[in-house]
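Here's a quick tour for anyone meeting this structure for the first time. Take a look at it, then read on.

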Amino acid sequence: MAAILKAENLRVEFRSREAAQGTKVALRGLNLEVNAGEVFGYLGPNGAGKTTTMNVLLGFVQPTSGAASLFGIDVRQPIARQRIGYLPELTYYYKFLSAEELLRFYSTLFGLSRLEADRRIDELLKLVELEHARKRPIRTYSKGMQQRAGLAQALINNPDLLVLDEPTSGLDPLGRMKVRQIIQRLKGEGKTVFFSSHELGEVETVCDRVGIIHQGELKVVGPISEIRQPRHANLEQAFLEIIGFETQSAS
Amino acid sequence: MKTILAVAGVVIKELYRRKDFYVLFIVTMLICLIMASVRIFNDDKIIRYLKELCLLLVWVSSLVIAITTTARQIPAERENRTLLPLLAKPVTRTQLLLGKFLGCWLACGIALVCFYLFFGALAASREHQWPLLNYFQAASLHWFMLGIVIAMVLLGSLVFAAPSSNSTICFVVVGGILLLGRHLDSVALTLPEPVRSVFLIIYYSIPHLEFFDVRDLIIHDWPLIHWGYYGLALIYGIGYMVVFLTGASLVFRRQSVN
Amino acid sequence: MSGPRIQIWFLILLLVVCFALACPLQSRFVAWPGSRANGDVFAITLGESRKLFANEFFVKADSYYHSGFYPTIFDDNRAFKTAHMAEDTGAVNSQNHGEEESFMGPPRNWIDAFGRHFMPDRHTHLDEGGASGDLSGSEGVREILPWLKLSADLDPQNVQNYIVTAYWLRQRMHQPKTAQEVLLEGLHENPGSCDILFELGRLYAESDHDTNRAVNVWMAGLHNWRPVKGTEDEVAANNFIYEKLATQMGAEQADVGNWQAAIQWFEKAKAVSKTPDGLQQMIELLQQHHSIKPKP
Ligand SMILES: Nc1ncnc2c1ncn2[C@@H]1O[C@H](COP(=O)(O)OP(=O)(O)OP(=O)(O)O)[C@@H](O)[C@H]1O
Ligand SMILES: [Mg+2]
């Protein structure tokens with residue numbers, strides 16, 4: 001299978017004035033490959049480097065060393081982002097626009113024709129259940145509605161690769177289930193999904209493969225069954241052990 | 001190009017959905033109308049003081065709109081994290097900057113049209129004449145001056161972190177150039193050597209915004225500016241816009257956004 | 001429903017209380033000796049600094065008189081030391097010398113040269129049609145009036161304001177009545193001012209053709225005149241107005257055939273004049289006249 005998302009030996013250091021201790025290493029030589037058509041779950045505790053990985057993949061942050069590519073194109077070239085959809089964590093959008101205007105704006109950036117954009121916008125607003133609020137400014141949306149608008153925005157160009165940073169955060173159980181359904185549907189359509197999450201349960205249900213990152217290093221990669229089997233019956237315990245936390249039951 | 005226009009469209013939408021512009025316009029109108037109602041020696045044909053006041057308000061308002069809106073653009077995108085989904089689209093940072101620039105510039109252009117229409121109506125109400133070409137020259141030069149200011153503020157918004165400090169600095173710089181720019185070389189000659197060179201370097205490198213300030217010609221009914229020099233001034237303005245935007249693009253390309 | 005309504009009533013009540021309180025407080029405040037409220041609005045907001053502003057606006061009026069073609073503090077303003085709009089009234093001692101057109105000097109560099117295409121570039125006066133050169137528009141001099149009015153409001157002690165305003169109202173805008181009001185107001189602010197009395201006399205003589213009244217006013221001016229001790233300019237300005245008053249009196253006396261008195265006035269004028277030659281000629285002319293037709 002072809003790797004459509006690839007990170008080689010990524011190292012990211014933050015040299016900021018805020019980091020009083022000098023440089024802060026967010027990623028230490030990360031190697032990662034996501035293949036076409038799979039759903040990849042990216043796990044790790046807070047501050048492990050998940051968002052940073054995605055930031056590098058989308059060209060927001062220049063890696064100190066190493067390289068990253070999407071569809072075989074270096075991420076520094078904007079064309080690499082033509083076929084991807086991205087949902088940032090903590091989504092905020094132009095508050096003075098309505099969901100419809102927002103989606104139309106993004107569709108223009110992808111060069112969609114008016115007709116195609118109209119069709120796509122209707123379809124997506126129905127998918128994320130924001131049809132009733134399509135003309136309202138985003139300022140008036142609830143957190144979950146904003147998150148759903150973000151998901152719609154990530155899908156506007158019918159992308160082949162989706163990069164989702166904690167797509168279910170801020171959603172109620174029903175909303176989470178719907179996001180899971182959307183991910184599964186996309187997988188059915190042959191799309192690739194790369195997403196980070198803290199919800200091990202949902203990762204277990206939708207992911208083909210999982211990677212666990214801790215302190216900027218990828219600890220394990222593989223199908224869930226592989227990660228689970230040699231150690232414990234349950235992903236949570238495996239996760240905790242990999243990140244070096246001794247559970248009470250283990251001791 | 002489509003991308004740049006789309007980004008510009010969002011900027012313009014934001015501006016007319018906010019209330020700043022309307023407030024400034026109405027305040028300008030009110031002050032002018034109040035001043036117009038003051039009778040001086042029972043002569044209702046006196047107009048130039050009113051033209052001057054109105055133009056002064058238009059200039060101040062336009063600078064306020066241009067500087068505050070532009071200074072807000074990129075920092076707001078960062079703060080609200082809208083920069084992330086935006087740059088995740090096939091948009092280069094240069095395109096984003098150009099879109100922001102064009103949006104602010106066009107928005108200011110729309111505002112200027114409103115202001116100058118009001119000004120023309122006010123002047124015509126007493127003078128009974130419409131020197132359309134003169135107004136066109138004045139408004140277009142004004143607009144190009146705002147273009148330089150917007151490009152400069154955009155660069156500033158990438159260099160200085162806080163939008164408020166950027167706005168303040170830009171206000172001081174623009175005001176300083178408009179008031180003193182023409183005389184900096186004369187001032188330099190009165191100063192001792194190391195400072196003199198600094199002043200001269202500043203004099204030769206700043207954009208001379210005062211070229212674009214032809215209010216005196218409008219107020220006092222001077223004949224048109226020679227079109228050749230008018231064209232040169234526009235080219236001069238575009239030159240500085242390109243310089244500032246290139247600088248901004250170079251700075252922005254090195255910055256990480258997260 | 002009742003919540004907001006109560007709040008609105010409460011607000012109205014508060015407003016009423018504020019107004020009610022304001023009335024007694026206001027009268028107290030005005031009575032208080034340190035209050036600035038006794039002056040006009042400028043006195044309240046600007047205090048003593050208003051004289052500076054007043055001068056600024058006076059200069060502004062002169063810049064309007066030139067349709068914006070005016071030197072800045074960085075230019076050579078020797079030809080603009082005395083406002084031309086005041087100089088042209090003939091009632092102010094002029095200190096101008098040098099070129100009026102070229103106060104900016106030759107272009108210093110290409111920036112300066114280029115910038116001059118975007119500025120007023122000819123020396124014109126509003127009473128002569130201004131920038132458009134259209135002589136029928138000599139009433140355009142009205143445009144200097146707002147600034148003069150503002151200047152006079154800020155600094156009522158500057159007598160030039162009243163003279164200039166009245167002169168142009170009378171000369172180009174054919175409003176002698178308004179001009180007279182301006183001068184009388186000036187006189188009210190500056191009792192006995194020789195300069196204002198001089199201009200008032202001219203107004204009576206030239207617009208009202210009331211020579212007797214004019215002579216009375218001029219006499220009052222001469223009566224009020226005192227030599228001053230001060231800078232050269234102050235002395236010159238003071239002497240200038242005496243010369244003007246005396247010359248006017250001489251001319252009036254000559255008109256009614258009082259040669260002797262006329263010559264006396266001209267002699268007095270000559271004594272303080274900076275340019276006595278013209279007066280000397282006048283005196284000689286009169287003396288010849290006098291010798292041909294001796295007084296009976
Ligand atoms: N701009 C920055 N300057 C300095 N340090 C940074 C910066 N961005 C991220 N970091 C640091 O890099 C590390 C990785 O952060 P990252 O946001 O990738 O974590 P994460 O795995 O997404 O965590 P979470 O689950 O909380 O979202 C953290 O220690 C963080 O403090
Ligand atoms: Mg994160």
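Predicted model: local features only at pLDDT ≥ 70, side-chain atom pairs only at ≥ 80, totals over all residues.

Residues are numbered from 1 along each chain as its sequence is written, chains are lettered from A and ligands numbered from 1 in the order in which they are written, and side-chain values use heavy atoms, with hydrogens and water left out.

**The magnesium ion**

- A:Thr51 (through OG1) and A:Glu89 (through OE) coordinate the magnesium ion, ligand 2, at 1.9 to 2.8 Å.
- A:Thr51 sits in helix H1 (residues 50-57) of chain A and A:Glu89 in the loop between strand S6 (84-87) and helix H2 (99-109), so the pair ties together parts 38 residues apart in sequence.
- Donors here are N, O and S atoms within 2.8 Å of the metal (3.2 Å for Na, K and Ca), and water is not among the atoms, so sites may look incomplete.
- Helices (H or I, at least four residues) and strands (E, at least two) are DSSP runs, numbered from the N terminus.
- With a relative accessible area of 19%, A:Thr51 is buried; that word means under 20%, exposed means over 50%, and partly exposed is in between (1.4 Å probe, protein chains only).

**Around ligand 1**

- Ligand 1 is surrounded by 16 residues, and the closest are A:Asn46, A:Gly47, A:Lys50, A:Thr51 and A:Thr52; a residue counts if one of its heavy atoms lies within 4 Å.
- The surrounding residues come from chains A and B, so the site is shared between chains.
- The shell splits into four nonpolar, eight polar and four charged residues. Nonpolar covers Ala, Val, Leu, Ile, Met, Phe, Trp, Tyr, Cys and Pro, charged covers Asp, Glu, Lys and Arg, and the others, Gly among them, are polar.
- H1(A) gives the largest share of that shell, with three residues.
- Polar contacts are pairs of N or O atoms within 3.5 Å. An oxygen atom of ligand 1 is 2.5 Å from an N or O atom in the side chain of A:Thr51, and for A:Asn46 the distance is 2.9 Å.
- On its own, ligand 1 exposes 630 Å², and the protein buries 72% of that (Shrake-Rupley method, 1.4 Å probe).

**Two positive phi angles**

- A:Glu129 isn't a glycine, yet its phi is positive, at about 60 degrees. You'll find A:Glu129 in the loop between helix H3 (114-127) and helix H4 (143-154) of chain A, and at 36% relative accessibility it counts as partly exposed.
- C:His174, also a residue other than glycine, has a positive phi near 55 degrees. C:His174 is in the loop between helix H7 (159-171) and helix H8 (176-189) of chain C, and is exposed, with a relative accessible area of 58%.

**Chains A and C**

- Chain A has eight helices and 10 strands.
- The radius of gyration of chain A is 19 Å, close to the 18 Å from the globule rule for 251 residues, so chain A is as compact as a globular protein of that length. That radius is taken over C-alpha atoms, and the rule is 2.2 Å times the number of residues to the power 0.38.
- Of chain A's 251 residues, 53% count as buried.
- Chain C contains 13 helices and zero strands, and 44% of its 296 residues are buried.

Technical notes
Polar contact = N/O pair within 3.5 Å; in protein donor to acceptor, adjacent residues only side chain to side chain.
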